[in-house]
Amino acid sequence: MSEEKTPINPEDEFVDDPQRRNFMSALIAGASAAYAAGIGYVIYRYLSTGIENPDANLPAQIKIEKAETLVNNSSMPFKFGSKPGILIKDDKGDLHAFTSTCTHLGCTVSYQGDQKRIFCACHGGVYDPQTGKNVSGPPPAPLTAFKIIKEQDGIFVSKA
Ligand code: FES
């Protein structure tokens with residue numbers, strides 16, 4: 001049983017037009033190439049934005065403005081590039097600096113001088129203010145410490 005083509009409009013004729021077929025093939029090939037190029041560009045941008053190394057765009061060191069005004073057993077926030085940090089002056093006058101992003105789920109931690117601890121209010125995570133070590137609660141890792149550099153013109157931090 002042979003299959004007969006039925007024109008939508010009975011007055012139309014089926015015409016096997018190679019020029020039209022070639023045009024449609026070229027159009028589909030062009031659209032496919034543009035789609036593949038778009039996906040390739042997105043992958044290229046993803047791989048070249050430093051996502052593999054998020055520290056790639058961080059500064060070598062920064063000055064913490066007014067750090068010298070910090071009194072014992074208190075803290076102040078700072079920004080190290082795009083990373084939030086916390087500078088702590090303990091009750092002996094020693095300075096400690098850490099990233100202030102909790103290693104559990106990324107909340108911002110704060111220093112609680114009365115309890116001598118770095119605390120994350122989101123889920124009760126606690127860190128040691130001397131070392132940044134996670135000491136209780138859900139945080140799975142310590143806070144990253146910064147190196148503190150005391151210069152005549154101020155206090156600086158850099159990656160440890
Ligand atoms: S985000 Fe800090 S303890 Fe959960």
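Which residue stands opposite Gln-112 in β6? In the predicted model described here, the residue opposite Gln-112 is Arg-117, and this pair belongs to β5 and β6, which pair in the antiparallel sense over 3 bridges. Because the model is predicted, local features are reported only at pLDDT of at least 70 and side-chain atom pairs only at pLDDT 80 or more, whereas totals for chains, interfaces and linings use all residues. Residues are numbered from 1 along each chain as its sequence is written.

The secondary structure of the chain comes to 1 helix and 10 strands, where helices (H or I, at least four residues) and strands (E, at least two) are DSSP runs numbered from the N terminus. Read from the N terminus on, the elements follow the order α-β-β-β-β-β-β-β-β-β-β. Of the 160 residues of the chain, 18% count as buried; a residue is buried if 20 or more other C-beta atoms lie within 10 Å of its own, exposed if 12 or fewer, and partly exposed in between, with C-beta atoms placed from the backbone. Among the contacts in the chain with a separation of 6 or more, 31% are accounted for by residues 24 or more positions apart, a contact being a pair of residues whose C-beta atoms, placed from the backbone, lie within 7 Å.

An open sheet is formed by 6 strands in the order β1-β10-β9-β4-β3-β2, with antiparallel pairing; two strands are taken to pair if DSSP finds at least two bridges between them. Since β1 (61-64) and β2 (74-80) stand at the edges and each has a single partner strand, one side of each is left without a neighbour in the sheet. From one strand to the next, the twist averages 30 degrees, the axes being lines fitted to C-alpha atoms (for helices over the stretch in contact) and the angles running from 0 to 180 degrees between N-to-C directions. Within this order, strand β4 (residues 95-99) is joined to strand β9 (residues 145-151) by 2 bridges, and these two strands run antiparallel. Phe-98 stands opposite Ala-145 in β9. In the loop between β1 and β2 lies Asn-73, whose phi is near 60 degrees, a positive value in a residue other than glycine. Asn-73 counts as partly exposed because it has 16 C-beta neighbours inside 10 Å.

A further open sheet, of 4 strands, has the order β5-β6-β7-β8 and antiparallel pairing. Here β5 (110-112) and β8 stand at the edges, each with a single partner strand, so that one side of each is left without a neighbour in the sheet. With direction ignored, neighbouring strands of this sheet are turned by 40 degrees against each other on average. β5 and β6 form a hairpin with 4 residues between them, and Lys-116, in the loop between these strands, has a phi near 50 degrees, a positive value in a residue other than glycine. With 14 other C-beta atoms within 10 Å, Lys-116 is partly exposed. β6 is joined to strand β7 (residues 125-127) by 3 bridges, the two running antiparallel, and this pair likewise forms a hairpin with 4 residues between the strands, in whose turn Gly-124 has a positive phi of about 80 degrees. Phe-119 of β6 stands opposite Ser-110, and its bridge partner in β7 is Val-126. The covered face of β6 holds Ile-118 and Cys-120, while Arg-117 and Phe-119 belong to the uncovered one.

The largest nonpolar core has 18 residues, and those with the most contacts inside it are Ile-86, Leu-87, Ala-97 and Val-109; such a core is a set of buried Ala, Val, Leu, Ile, Met, Phe, Trp, Tyr and Cys residues joined through C-beta atoms within 7 Å. At least two residues of this core are supplied by each of β2, β3 (83-89), β4, β6 (117-120) and β10 (154-159), with β3 giving the most, namely 3 residues. In soluble globular proteins, nonpolar side chains tend to be buried together. When neighbours within four places in sequence are left aside, Val-109 is in contact with Ile-86, Ser-100, Cys-102, Ile-118, Phe-119, Cys-120 and Tyr-127.

Pro-138 lies in the loop between β8 (134-136) and β9, and counts as partly exposed because it has 14 C-beta neighbours inside 10 Å. Its contacts, with neighbours within four places in sequence left aside, are with His-104, His-123 and Gly-125. The C-alpha atoms of Pro-138 and Thr-103 are separated by 8.8 Å, although the two residues are 35 residues apart along the chain.

Conventions: Contact = placed C-beta atoms within 7 Å.
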